[in-house]
Amino acid sequence: MKYSIFTVANKSYYPFVQILVNSISKNCSNVNKIYIADCGLEKYAKYLQENEKVIILKTDTNNQYRGMNSDGWLRTTEQKTKKIKDLLSFVDFGDQSLILIDSDVCVFKDFSEIIDQQYDMQVTSMKKQYHRRDGIFLGQIAAFLIFNDKEKSIEFLDYWINIMKNFEKDKNVIRPYETPALNTLLRKNEESKWFNVGDLSELKVCADQEVGDDTYSVHFKSGGRCSELKNRKHTLVENFAGRIQCILNISESDINFGKYLNDQYYSEWVKEIGNKEA
């Protein structure tokens, strides 16, 4: 089953998105296109477009990473729902599904086996579920979703975007808004049954810093095992390297993330902005 992938990125995240694109190209034989919403990639967009599957989408955002929950980080994450809604509205995907995935991910296996088009969309349930300080329950994560039904997915995204807008105005809701808004929508859907939503396991489809033999992709998250990065100032290079090194491999295979990096382009990135504070 053919499918396409969508993500967002800026140049602060360039090494991550390079790993994402190259790992998809190597390990996903059924991927059609890789759409990347450009939130400030600058010259690095051209490097990514050397891959014939990559299509760069313009946005009105040009913000760089300045730490999780910073204004730039929030503006960039907001583009995920906005641009994927535009993509579903204006591109004819036929019977192909569209996968939304965070840019700081490495893919090991073709996703076609986990796509189930009996569902309007499929969401990813977290291994560790909890209530935030503002009382919002987080059971699903916005790092990996599959959109199968075009019209239903657009309607779903409209609800999701509106909830995020309301959260941003509400002083009782803490940052970030993307995943909490998704969970709020899913809780409402449990009662209303607006959408037929399938469930995916985080450990299987987009594992949080842990790789097993059945893992399809791993998420280089900044929290959890990498929480020490939050406790001190660090550069973009340290942020990238630290999150890569935090991955726990419990599979029977050796993993070399470096093979998905272009040494020349990575060196350019390090020289240009790698030593700036993250």
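**Entry 1**

I began with Tyr-35, which is buried at a relative accessible area of 8%. Buried here means under 20% relative accessible area, exposed means over 50%, and partly exposed lies in between, with a 1.4 Å probe and protein chains only. A note on provenance: this is a predicted model, where local features need pLDDT of at least 70, side-chain atom pairs count only at pLDDT 80 or more, and totals for chains, interfaces and linings use all residues. Residues are numbered from 1 along each chain as its sequence is written, and side-chain values use heavy atoms, with hydrogens and water left out.

Next I searched the whole structure for aromatic pairs and got 21. Rings of Phe, Tyr and Trp (its six-membered ring) pair if their centres lie within 6.5 Å; planes under 30 degrees apart are stacked, over 60 edge-to-face, and the rest tilted. How are the rings of Tyr-35 and Phe-93 arranged? Their centres are 5.9 Å apart and their planes stand at 80°, so I logged the pair as edge-to-face. Tyr-35 belongs to strand β2 (residues 31–38) and Phe-93 to the loop between α3 (71–90) and β4 (97–101), so the pair ties together parts 58 residues apart in sequence. Helices (H or I, at least four residues) and strands (E, at least two) are DSSP runs, numbered from the N terminus. Phe-93 is buried too, with a relative accessible area of 11%.

Then I checked for charges over rings (NZ of Lys or CZ of Arg within 6 Å of the ring centre and within 35 degrees of the ring normal). Lys-109 has its charged end over the ring of Tyr-216, 5.5 Å from the centre.

**Entry 1: strands around β7**

Is strand β7 (residues 137–147) mostly covered or uncovered? Mostly covered: 10 of its 11 residues are buried. I count two strands as paired if DSSP finds at least two bridges between them. β4 runs antiparallel to β7 over four bridges, and Leu-100 has Leu-145 as its bridge partner there. Strand β6 (residues 121–131) is also antiparallel to β7, over seven bridges, with Tyr-130 partnered by Leu-138. The β6 and β7 hairpin has five residues between the strands, and Gly-135 takes a positive phi near 90° in it.

I followed β6 to β8, where the pairing is parallel over five bridges; Met-121 stands opposite Val-197. In β8, Gly-198 and Leu-200 make the covered face, while Val-197, Asp-199 and Ser-201 make the uncovered one.

Most residues other than glycine have a negative phi, and most peptide bonds are trans, and I went looking for exceptions. Which peptide bond is cis, with omega near -5°? The one from Arg-175 to Pro-176, with Pro-176 in the loop between α4 (150–169) and α5 (178–192).

Lys-193 has a positive phi near 60° and sits in the loop between α5 and β8 (197–201). Gln-209 has a positive phi of about 65° and lies in the loop between β9 and β10 (210–211).
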